[in-house]
Amino acid sequence: MNGASLRILIGLALGLAGGALMGGRTGAAPALAGTTAIGRLWLDALTMTVVPLVFSLLVTGILGAAHDARQNRVALRALLWFAVLLAGGCLLAAASTTVLLHLWPVGDAAASLRPPAGAAPVPGAASDWLSGIIPTNPIKAAAETAMVPLVVFALFFGFAAARVAADLQQALQLLFRGIAETMLVIVQWVLLVAPIGVFALAFGLGARAGTGAVGVLVQYVVVVASACLLIGVLAYLVVLAIGRLSLARFARAALPAQVVALSTQSSLATLPAMVEAAPALGVERAAAGIILPLAVSIFRAASAAANVAVALYLAAVYGNEPGIGLLVVGALVAAAVSLAAVGLPAQVSFFATIGPVCLAIGVPVELLPLLLAVETIPDLFRTVGNVTADMAVMRLAGRGSTNSGDTAARG
């Protein structure tokens, strides 16, 4: 755990403890009102960067991916597998998390986590969100933080920008990269005072839920970790069924990289170990050198699935139960905006990638900072799941690049 995460966790602990001690006491109302106002201001400062940041990063991510696809067929195959597994993994996470929350529903303490305004409205029927999926006015969609039409417009814009002249592409890339970098500077400023903001939000939570808030956070960790583990299982099954590689051989090849992922919580740090495992998976190192840097940069299957789980857990806390249509929308938005996490620090990507999913299914983001404080534990499972999925794609996209060792890699 780095220093920033530790300070945020301390802010959470102090806020929960202070709120639990003050809750119900005479004279607690002014303190609660003050901390609520501070927490709200801090959250608004963080939320104001989401729309320009996500849009800019989606556009630059698509432009970069399109360039890589044009340069190499192996990269194109890898990108196609990224898209398939991201969408499939997020849909699977949506279904499994819904089932898990039915089997293990949030308790009474979770209801007390809701801000005083109460439960959030669930978006209307499937026909309502389907009719609004294409924005008639993208600027209005951005102003209203309507993430589904905004993400759809960003995807159209990015793919269209990849078809214009090279000099215009470079100009657009430079423009949106500049916007994204500017937003990141603002986010860094806001995160400097994150311990204060989290303390203020946690104070109100502690006053409402008392010690029951701890149990809710534990359940949250289990739910998100389960989604990440599911992606790991999916990676093994895909390698077995489509990659035609035995589970035992894939497990042996993946283990060193998984150990590095657990110890470092960094997919980038596992890159040498993953490249080293390429021959055992029947993939040439040259092909691995193309696939894996791409995977580490833009393919975060477990993180995207975990983001779906976070949004659905918050929906359960607010007493909402999204229908099948909204589950599909939330999953596809999570898959798309996972591109926006490229190169972002974990604390920044937590808001940039989960916020749009929450907003897409009608869930407020007020509780996200509190979940960030305990994100260190789920992040272990996110990293291991991401690395396992990266190695699965290396086998799927790279095995056709070599004949040597491929037969031996089977069975």
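**Overall picture**

The protein has 20 helices and zero strands. Please keep in mind that this is a predicted model.

**Whole chain**

- The protein has 411 residues, and 51% of them count as buried.
- Looking at contacts between residues at least 6 apart in sequence, you will find that 85% join residues at least 24 apart.

**Where helix 14 meets helix 19**

- Helix 14 covers residues 285–298 and helix 19 covers residues 376–398; their axes lie 10 Å apart, at an angle of about 140 degrees.
- Angles over 145 degrees would count as roughly antiparallel and 65 to 115 as roughly perpendicular, so helix 14 and helix 19 are oblique to each other.
- The crossing of helix 14 past helix 19 is right-handed.
- On the helix 14 side, the contact is made by Ala288, Ile291, Leu292, Ala295 and Val296, which meet Asp390, Val393, Met394, Ala397 and Gly398 of helix 19.
- Sorted by class, this contact between helix 14 and helix 19 has eight nonpolar residues, one polar and one charged.

**A loop residue to look at**

- Which residue other than glycine has a positive phi, near 55 degrees? That is arginine 244.
- You can find arginine 244 in the loop that runs between helix 11 (212–241) and helix 12 (247–264).

Definitions and conventions:
Residues numbered from 1 in each chain as written. Predicted model: local features only at pLDDT ≥ 70, side-chain atom pairs only at ≥ 80, totals over all residues. Heavy atoms only, no water. Helix = DSSP H or I, 4+ residues; strand = E, 2+ residues; numbered from the N terminus. Buried < 20%, exposed > 50% of the residue type's maximum accessible area, 1.4 Å probe, protein only. Contact = heavy atoms within 4.5 Å. Axes fitted to C-alpha atoms, helices over the stretch in contact; angles between N-to-C directions. Parallel < 35°, antiparallel > 145°, perpendicular 65-115°, else oblique. Left-handed = near helix turned anticlockwise from the far one by under 90°. Nonpolar A, V, L, I, M, F, W, Y, C, P; charged D, E, K, R; others polar.
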